[in-house]
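Please keep the sequence and the 3D view at hand while reading.

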Amino acid sequence: MADLKRRRGGRGGFGAPGPGELVLRYTLLLLVLAITVLPFLWQLSTSLKGPYEDVFAQTPSFVPLQPTLENYAKVAATIPVWTYALNSLIVAVIVVGGNAVGATLAGFALARLEFRGAKLLLALFLSTLVLPGEVTIISQYVTVRSMGLADTLLGVALPGTIGMLNVLLMRTAFQAIPKEMDEAAVIDGATPWQRLVHLGLPNVRGMLSVITIFAFIGAWDDFLWPLIVLNDPKNFTLTVGLQYLNGTFSANPRLIAAGTMISFLPIVILFASLQRFFFRGVAEGAIKG
Amino acid sequence: MTAPVLPAQGALRRRITPWLLVAPAALWLFVFNVWPSLNTLVLAFTNAKPLSGGHFTGLDNFGRMLDDTQLVDALLNSIVFMVVCLPVLTLLPLLLAVLVEKKIPGITFFRTAFYTPVVASAVVVALIWSWLLSDRGLINGLAQAMGVLQGPLPFLTDRWLLVFSAITLTVWKGLGYYMIIYLSALGNVRRELHEAAAVDGAGPVRRFWSVTVPGVRNTMLLVSVLVAVSALRVFSELFVLSNGTGGPGGRAMSLVMLIQLYSRGFYGHFGYASALSLLLFVITIGPMLLLARLNRKAA
């Protein structure tokens with residue numbers, strides 16, 4: 001009993017770890033850290049190794065012995081990797097902008113305004129969630145092609161420009177605003193537009209950040225859809241371009257390593273600086289679909 | 001006093017504004033979701049190809065499925081994928097969440113680091129692992145240096161080794177994602193239950209099974225359905241690890257790889273690809289409906 005009291009009284013309360021437990025916990029944490037981070041570091045190390053350093057050795061050096069950035073220049077001479085990065089960025093920017101505007105407007109209308117057909121529309125938005133994207137990818141390509149957008153970046157960006165899940169997430173965010181606040185604005189004669197701008201937007205900034213960040217990462221990381229839409233190597237996005245590099249010049253791992261780092265580093269920096277939004281996004285059910 | 005808006009005009013505007021706001025999303029709903037869904041259903045009964053319009057061919061595409069040995073291989077791969085991923089990705093991330101739950105110094109760093117593979121694209125992850133698993137890569141090199149292996153294991157050129165390599169990197173990439181889902185669920189497990197169990201003399205292992213696991217049972221169900229659906233949808237990992245070939249004889253393909261294969265080029269066949277898409281729909285709809293129900297319950 002005394003033991004229990006002591007535990008409850010402590011600052012950490014129940015389960016404040018003792019020294020033995022702490023050592024065990026940190027040992028396990030470091031082990032998992034090694035498993036998750038070492039493959040990335042190994043790739044980074046390979047990308048920095050000079051042409052005379054043996055990357056294949058059975059006991060290779062983890063730290064580059066002759067560190068150099070020339071692989072990054074070489075990969076750019078082999079494939080237009082900076083153009084690919086720019087292409088990926090263009091697609092991501094269109095997708096982010098479209099979702100920020102389109103999902104916000106529709107989410108607000110579905111959550112706060114009354115109109116005929118709202119229920120039916122909501123049911124249709126919801127029903128798209130049970131359909132994995134791959135099921136409609138062929139007909140989506142047929143649609144994009146009939147618009148004359150096959151093999152274009154716009155064709156890559158367009159279908160994801162307003163994500164159905166994002167509309168529903170924004171609707172949920174607007175619904176969380178207390179009804180009384182909104183009703184007061186209606187009585188004061190505010191138009192829907194004024195209610196959206198002055199009352200709605202300030203209260204959904206968190207969710208808006210979550211959906212824009214996830215839209216950016218989703219577009220930047222996407223592979224199957226751009227692989228289907230794009231044909232001409234000069235239009236490739238970074239993921240498609242990297243696979244192309246891998247298929248064509250698999251002889252030099254240093255170049256592929258440099259290419260993967262060009263794709264990976266911007267995302268890691270974005271993630272590290274905005275990580276609290278990521279965890280919130282997953283917790284709020286922004287389940288990738 | 002400003003001039004009052006004519007009532008009729010105001011009412012009209014009130015009726016139209018919601019539609020204006022919802023119009024872009026509704027357009028996207030119909031053009032990129034509803035229409036392609038219906039069109040998949042139609043195309044599946046035609047022999048439409050990238051270079052020709054095609055016409056109605058009845059059940060031909062479905063008859064072709066029955067004789068398609070590549071499809072049998074793909075489905076078998078999917079089953080193996082799912083059977084291995086399900087227990088591993090349901091349990092390991094839970095253990096990891098328990099490990100990072102306690103707020104000890106530096107824990108945010110560890111949580112962030114464990115989540116990093118999730119934000120990397122599947123292509124980047126698969127290229128990193130291609131290099132690690134290649135004949136002259138780190139894993140084969142170290143194994144030989146330590147005398148575990150005599151020669152390199154063909155991780156990327158043997159059908160089953162390819163499938164298991166893809167499973168390994170799927171697990172590696174998925175751990176952090178499911179860990180975060182569990183982490184928010186663990187916050188809801190009542191602390192008194194742990195305390196009571198501790199008073200009764202239950203050790204950490206016992207408490208894990210008798211308090212933590214029952215407390216997050218619904219989340220475990222949610223995670224296992226998510227894992228099952230994503231196993232059935234696997235594409236990039238197998239595609240990149242096999243360099244687009246699907247392994248020796250294309251026997252390490254997945255269903256989505258087959259859909260992609262028929263989406264373009266000389267062998268392109270929108271009709272057959274659509275029939276395969278319907279098959280994907282049929283095998284995923286059960287878990288997807290369950291997922292929708294679980295999500296609504298959680299909300």
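## Terms and model

A residue is called buried when its relative accessible area is under 20% and exposed when that area is over 50%, and those in between are partly exposed. By this rule Lys102(B) is partly exposed, because its relative accessible area is 26%. The model discussed here is a predicted one.

## The contact between chain A and chain B

Chain A contributes 97 residues to the contact and chain B contributes 92 residues. The area buried between the two chains is about 8600 Å², and carbon and sulfur atoms give 74% of it. Between chain A and chain B there are two salt bridges, together with 17 residue pairs in polar contact, counting pairs with both residues at pLDDT 80 or more.

On the side of chain A that touches chain B, the largest share, 17 residues, comes from helix α2 of chain A, which covers residues 19–47. Sorted by class, that side of chain A has 65 nonpolar, 23 polar and nine charged residues.

Over all chains the count of salt bridges comes to 10. Which residue of chain B does Glu21(A) meet in a salt bridge? The partner is Lys102(B), with the closest N and O atoms 3.6 Å apart. This pair crosses between chains, running from Glu21(A) in helix α2 of chain A to Lys102(B) in the loop between α3 and α4 of chain B.

Glu21(A) also meets Arg25(A) in a salt bridge, at 2.9 Å from N to O. Arg25(A) and Glu21(A) are four residues apart in helix α2 of chain A, so about one helical turn separates them. In an α-helix, residues three or four places apart point the same way, because there are 3.6 residues a turn. Arg25(A) is buried, with a relative accessible area of 12%, whereas Glu21(A) is partly exposed, at 30%.

## A salt bridge within chain A

The side chains of Arg195(A) and Asp182(A) meet in a salt bridge at 3.0 Å, N to O. The two residues are 13 residues apart, with Arg195(A) in helix α10 (residues 192–203) and Asp182(A) in helix α9 (residues 179–187) of chain A. Both Arg195(A) and Asp182(A) are buried. Elsewhere, salt bridges that share partners join Glu21(A), Arg25(A) and Lys102(B) into one network.

## The two domains of chain A

Chain A is divided into domain 1, residues 14–68, and domain 2, residues 79–283, and the C-alpha centres of these domains lie 33 Å apart. In this contact, 11 residues of domain 1 meet nine residues of domain 2, and about 760 Å² is buried between the domains, 72% of it on carbon and sulfur atoms. Phe40(A), Gln43(A) and Ser47(A) supply 50% of the area that domain 1 buries against domain 2, more than any other three residues.

Zero salt bridges are found across this domain interface, while three residue pairs are in polar contact, with both residues at pLDDT 80 or more. The side of domain 1 that touches domain 2 divides into five nonpolar, four polar and two charged residues.

## A buried threonine

Thr260(A) is found in helix α14 of chain A, residues 253–273, and is buried, with a relative accessible area of 0%. The side chain of Thr260(A) reaches the backbone oxygen of Ala257(A) at 2.7 Å. Leaving aside residues up to four places away in sequence, Thr260(A) touches Gln43(A) and Leu242(A), as well as Val124(B) and Leu127(B).

How values were computed:
Residues numbered from 1 in each chain as written. Chains lettered and ligands numbered in written order. Predicted model: local features only at pLDDT ≥ 70, side-chain atom pairs only at ≥ 80, totals over all residues. Heavy atoms only, no water. Contact = heavy atoms within 4.5 Å. Buried area = accessible area lost by both parts, 1.4 Å probe. Salt bridge = Lys/Arg side-chain N within 4 Å of Asp/Glu carboxyl O. Polar contact = N/O pair within 3.5 Å; in protein donor to acceptor, adjacent residues only side chain to side chain. Nonpolar A, V, L, I, M, F, W, Y, C, P; charged D, E, K, R; others polar. Domains from an automatic or database assignment. Buried < 20%, exposed > 50% of the residue type's maximum accessible area, 1.4 Å probe, protein only.
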